[in-house]
Amino acid sequence: MNTQQEQWKAIAECNGEYYISNHGQVKSYKFGKERILKPGITSKGYPFVMLSIKSQKAKLNTIHKLVGMAFVDNPNNKPQVNHKDGNKLNNYFENLEWMTHQENIQHGWDTGLFDDKRKKLVLQQFYIDQRRLLI
């Protein structure tokens with residue numbers, strides 16, 4: 001349960017036009033108005049928003065990654081944000097943690113997030129990634 005008061009931080013590189021909350025909401029200040037953005041859902045089930053910064057194309061940003069970058073410490077500079085409870089819609093900052101790709105895959109196995117159909121595909125991708133690291 002999200003009992004902590006909602007806090008907002010400016011999203012890096014957005015010139016103060018967009019803010020992310022520790023509860024996983026995105027606020028826009030573009031065009032002189034404050035409004036909460038309604039996220040879409042990626043094909044993999046992650047909530048996202050499109051953020052446009054002056055002189056650049058709009059870019060897809062997943063909510064969990066924005067919350068992680070703003071509110072979750074990453075002392076080991078790990079590249080992926082993981083949902084501790086496995087729920088891709090729960091982007092509360094205390095439910096998120098930074099992981100390596102291998103740790104994230106292992107978390108999926110340990111918590112039963114991978115169904116039988118995906119196990120083979122995930123293993124194939126893992127081994128492909130490992131081969132790329134060795135090249």
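This is a predicted model: local features need pLDDT of at least 70, side-chain atom pairs count only at pLDDT 80 or more; totals for chains, interfaces and linings use all residues.
User: Okay, and how many aromatic pairs does a search of the whole structure find?

Analyst: Three. One of them is Y19 with Y29, an edge-to-face pair with 5.4 Å centre to centre and 80 degrees between the planes. Y19 sits in strand β2 (residues 18-21) and Y29 in the loop between β3 (26-28) and β4 (35-36), so the pair links distant parts of the chain, ten residues apart. Y29 is partly exposed, with a relative accessible area of 34%.

User: How should I read F71 and F93: what makes that pair tilted?

Analyst: Look at the angle between the planes: under 30 degrees would be stacked and over 60 edge-to-face, with the rest tilted. The planes of F71 and F93 stand at 50 degrees, with ring centres 6.3 Å apart, so this pair is tilted. F71 belongs to helix α1 and F93 to the loop between β8 and β9, so the pair ties together parts 22 residues apart in sequence. F71 is buried at 15% relative accessible area, and F93 counts as buried at 18%. Together with Y92, F71 and F93 make up one aromatic cluster.

User: Is helix α1 as a whole largely enclosed or open, and why?

Analyst: Count its buried residues: seven of the nine in α1 (residues 63-71) are buried, so the rest of the structure largely encloses the helix. Those residues are I63, H64, L66, V67, G68, A70 and F71.

User: What order do the strands take in the open sheet?

Analyst: Read across the three strands and you get β5-β6-β7, with antiparallel pairing. β5 (40-41) and β7 (59-62) are the edge strands, each pairing on one side only. Between β6 (residues 47-51) and β7 there are four bridges. Helix α1 packs on this sheet, touching β6 and β7, and its direction makes about 70 degrees with that of β7.

User: Last one: where is N91, and what does its side chain contact?

Analyst: N91 is in the loop between β8 (80-83) and β9 (96-99). Its relative accessibility is 6%, so N91 counts as buried. The N91 side chain makes a polar contact with the side chain of H83, at 2.8 Å. Beyond its neighbours within four places in sequence, N91 is in contact with several residues, including I63, H64 and V67.

Technical notes:
Residues are numbered from 1 along each chain as its sequence is written. Side-chain values use heavy atoms; hydrogens and water are left out. Buried means under 20% relative accessible area, exposed over 50%, partly exposed in between (1.4 Å probe, protein chains only). Helices (H or I, at least four residues) and strands (E, at least two) are DSSP runs, numbered from the N terminus. Two strands pair if DSSP finds at least two bridges between them. Contact means heavy atoms within 4.5 Å. Axes are lines fitted to C-alpha atoms, for helices over the stretch in contact, and angles run from 0 to 180 degrees between N-to-C directions. A polar contact is a pair of N or O atoms within 3.5 Å; within protein, one must be able to donate a hydrogen and the other to accept it, and residues adjacent in sequence count only if both atoms are side-chain atoms. Rings of Phe, Tyr and Trp (its six-membered ring) pair if their centres lie within 6.5 Å; planes under 30 degrees apart count as stacked, over 60 as edge-to-face and the rest as tilted.
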